[in-house]
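Here is a short briefing for a reader coming to this structure for the first time. Please look over the sequence and the model before reading on.

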Amino acid sequence: MSIASRLPASPSGKASSSHPVSRSFLDTNLPLFDGSPYRVADFSPKTIRFGRKELELALHEMPGLQSLRKQYGGNKPLAGARITGSLHMTVQTGVLIETLTALGAEVRWTSCNIFSTQDHAAAAVVAGPTGTADKPSGTPVFAWKGETLAEYWWCTLQALAWPDDEGPTLLVDDGGDVTGLVHLGADLEARGVLPDASMGSHEEEKVVHALLRDVREERGDQYFTRMAARIRGVSEETTAGIHRLNQLVKAGSLRFPAINVNDSVTKSKFDNIYGCRHSLVDAINRATDVLLSGKRALVVGYGDVGKGSVQSLVGQHARVAVAEIDPICALQACMAGLDVVRIDDVVENTDLFVTATGNAHIIRAEHMKRMKHNAIVCNIGHFDTEIDMAGLEAMRRRGEVEKIEIKPQVHEWKFRDTRHGPDGKGHSILVLAEGRLVNLGCATGHPSLVMSASFTNQVIAQMDLHLRAESYGRTMVTLPKHLDEHVARLHLDAFGAKLTVLTEEQAKYIGVEVEGPYKSEQYRY
Ligand code: NAD
Ligand code: 9W1
């Protein structure tokens with residue numbers, strides 16, 4: 001089914017100015033430069049209303065964004081900013097987008113992931129707080145759940161393609177795709193290289209190069225160079241994006257300043273610990289209905305995500321053990337009253353396995369062969385490397401194991417040749433979310449309050465870049481500690497927390513200012 005038949009007819013809107021009608025991009029049936037003001041899966045009044053209701057509920061749970069709207073809504077510090085965002089188009093991101101517009105910015109948005117879009121959130125953002133299906137007055141969004149790669153990169157281009165070729169002044173990025181596209185485009189232009197799909201080594205790279213080739217043919221060889229020159233900066237949400245930015249910095253090819261939101265304390269603690277504490281048990285419960293109390297659980301990796309996962313399971317009174325390679329983290333686990341074990345020593349008597357290492361090949365097919373009947377296996381760490389699904393698939397191809405879908409995201413893998421299942425026959429295990437992130441596959445990701453912490457950092461980063469990008473230089477920085485503290489402060493009222501104020505003498509005694517920052521740069525929270 002082509003995208004055109006799944007999506008509503010292109011909504012009316014001023015096609016982007018002086019350019020002739022575009023050719024369509026690869027197999028999307030979408031003109032390269034669409035010119036329409038948005039593209040979402042479902043723009044019906046019912047979907048818009050559902051999205052709006054969820055945005056209203058989310059706003060109440062996002063006190064940081066609410067405070068920023070109250071504090072700055074009057075004087076519009078983002079007036080004149082044109083922000084292109086590439087970040088999961090969810091309900092929470094909808095509240096972020098409408099905070100940016102409330103502060104005066106113009107915004108265009110796309111998702112950073114082909115699956116994560118909540119279509120009702122996308123629809124509500126396009127309609128806007130006061131608009132309707134017939135008269136949308138919100139923000140241009142180009143995103144729907146289940147995009148193809150070609151559609152995904154088409155959407156990314158639309159989010160960059162401001163009317164009249166103005167381009168964005170700021171980027172919000174998650175994973176570095178939009179920053180990467182602008183850089184690759186501009187670099188190929190600078191080197192006088194004509195992009196071509198054959199330059200890509202895998203499917204996604206081929207799509208990106210095909211996009212750049214088509215843009216070159218329609219808009220000439222300065223499109224991304226000009227765009228990059230007008231971008232004042234980017235704020236990046238995740239580790240993967242920070243990694244790509246670091247490589248650009250090292251190569252000396254970063255074209256505008258970058259703010260690393262990922263490493264704000266108020267981002268990483270919420271994303272890693274509190275988010276996973278909320279969503280690990282949520283995901284297992286939605287997937288299985290198995291009582292966790294009294295069960296033996298093994299959490300592999302006791303970093304931040306492992307710590308949040310352990311807390312989640314301890315909250316259910318599971319008997320939790322940890323596997324670690326790092327003696328410091330292992331000792332922390334001991335001090336938390338947990339057993340520290342090796343997976344090989346406990347694989348036969350553990351009821352639930354959770355990987356949280358960020359590493360590869362943690363649970364292998366040979367482990368799964370030895371597990372208890374109906375042991376549950378899931379991953380909350382790296383998105384797809386921790387559980388050896390390829391090994392399991394290979395066993396399936398050899399007829400050694402059968403894969404049975406219980407429901408989407410919940411699969412029984414039934415081993416044929418083992419003897420420790422029911423009646424001395426083969427045993428089964430339950431693999432959640434196909435070995436990918438269980439809190440995203442089986443639950444709905446982080447709750448609003450968790451996202452409030454990271455998105456408050458995003459808005460502050462955007463305001464700072466808009467105001468004084470010149471003072472940054474072409475490099476990457478984290479937000480200064482006083483702004484990290486500010487983000488935390490903005491969340492205290494919602495909890496009824498009353499912060500103690502230092503006296504002048506106390507401040508002097510510990511060597512800080514009364515209004516902060518309160519810790520040295522080296523302090524680990
Ligand atoms: P971290 O570095 O703090 O923790 C990982 C831990 O795993 C470390 O302590 C390390 O020593 C340990 N480890 C590595 N290899 C191991 C092995 N073979 N056996 C046992 N332990 C091992 O990282 P983190 O912040 O906890 O993040 C972990 C992963 O979770 C990353 O891939 C991150 O991207 C991901 N993450 C997922 C979510 C989510 O919502 N699911 C949220 C945030 C981060
Ligand atoms: N981000 N709003 C899935 C989320 C995919 C996803 C991903 C989040 C949010 C970790 C961001 C099925 C939301 C997002 C809902 C959902 C993430 C990947 C959020 C958690 C990170 C690879 N990474 N995140 N809410 N999908 O929860 O923006 O439900």
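Which of the 13 residues around ligand 2 come nearest? They are His88, Thr90, Gln92, Leu440 and His446. Keep in mind that this is a predicted model.

**Ligand 2**

- Thr90 has a polar side-chain atom 2.6 Å from a nitrogen atom of ligand 2.
- Gln92 also places a polar side-chain atom by a nitrogen atom of ligand 2, at 2.9 Å.
- For His88, an N or O atom in the side chain is 3.4 Å from a nitrogen atom of ligand 2.
- On its own, ligand 2 has 560 Å² of accessible area, and the protein covers 79% of it.
- The shell around ligand 2 holds nine polar and four nonpolar residues. It has no charged residues.

**Ligand 1**

- Ligand 1 has 24 residues around it. Val305, Glu324, Asn359, Ile380 and Asn439 come nearest.
- Glu324 reaches ligand 1 through its side chain: a polar atom there lies 2.6 Å from an oxygen atom of the ligand.
- Ile380 uses its backbone instead, with a polar atom 3.0 Å from a nitrogen atom of ligand 1.
- His382 has a backbone N or O atom 3.4 Å from an oxygen atom of ligand 1.
- Ligand 1 exposes 860 Å² when taken alone, and the protein buries 74% of that area.
- Which helices each supply at least two residues of the shell around ligand 1? They are α11 (265–288) and α12 (304–314).
- Helix α11 gives the most to this shell, with three residues.
- By class, the shell around ligand 1 has 10 nonpolar, 10 polar and four charged residues.

**A helix pair: α3 and α19**

- A packed pair of helices is described by the angle and the distance between the two axes.
- Helix α3 spans residues 63–72, and helix α19 spans residues 481–492. Their axes come within 8 Å and cross at roughly 95°.
- Angles of 65 to 115 degrees count as roughly perpendicular, so α3 and α19 are roughly perpendicular to each other.
- From α3, the contact is made by Pro63, Gly64, Ser67, Leu68 and Gln71. From α19, His486, Leu490 and His491 take part.
- Five of the residues in this contact are polar and three are nonpolar. No charged residue is among them.

**Backbone details**

- Most peptide bonds are trans, and most residues other than glycine have a negative phi. Two places in this model are worth a look on that account.
- Where is the cis peptide bond that has omega of about -5°? It joins Gly516 and Pro517.
- Pro517 sits in the segment after α20 (504–510).
- Asn29 is not a glycine, yet its phi is positive, at about 60°.
- Asn29 belongs to the loop between α1 (3–6) and α2 (45–60).

Note on methods
Residues numbered from 1 in each chain as written. Chains lettered and ligands numbered in written order. Predicted model: local features only at pLDDT ≥ 70, side-chain atom pairs only at ≥ 80, totals over all residues. Heavy atoms only, no water. Axes fitted to C-alpha atoms, helices over the stretch in contact; angles between N-to-C directions. Helix = DSSP H or I, 4+ residues; strand = E, 2+ residues; numbered from the N terminus. Parallel < 35°, antiparallel > 145°, perpendicular 65-115°, else oblique. Contact = heavy atoms within 4.5 Å. Nonpolar A, V, L, I, M, F, W, Y, C, P; charged D, E, K, R; others polar. Near = heavy atom within 4 Å. Polar contact = N/O pair within 3.5 Å; in protein donor to acceptor, adjacent residues only side chain to side chain. Areas by Shrake-Rupley, 256 points an atom, 1.4 Å probe, with all protein chains shown as cover.
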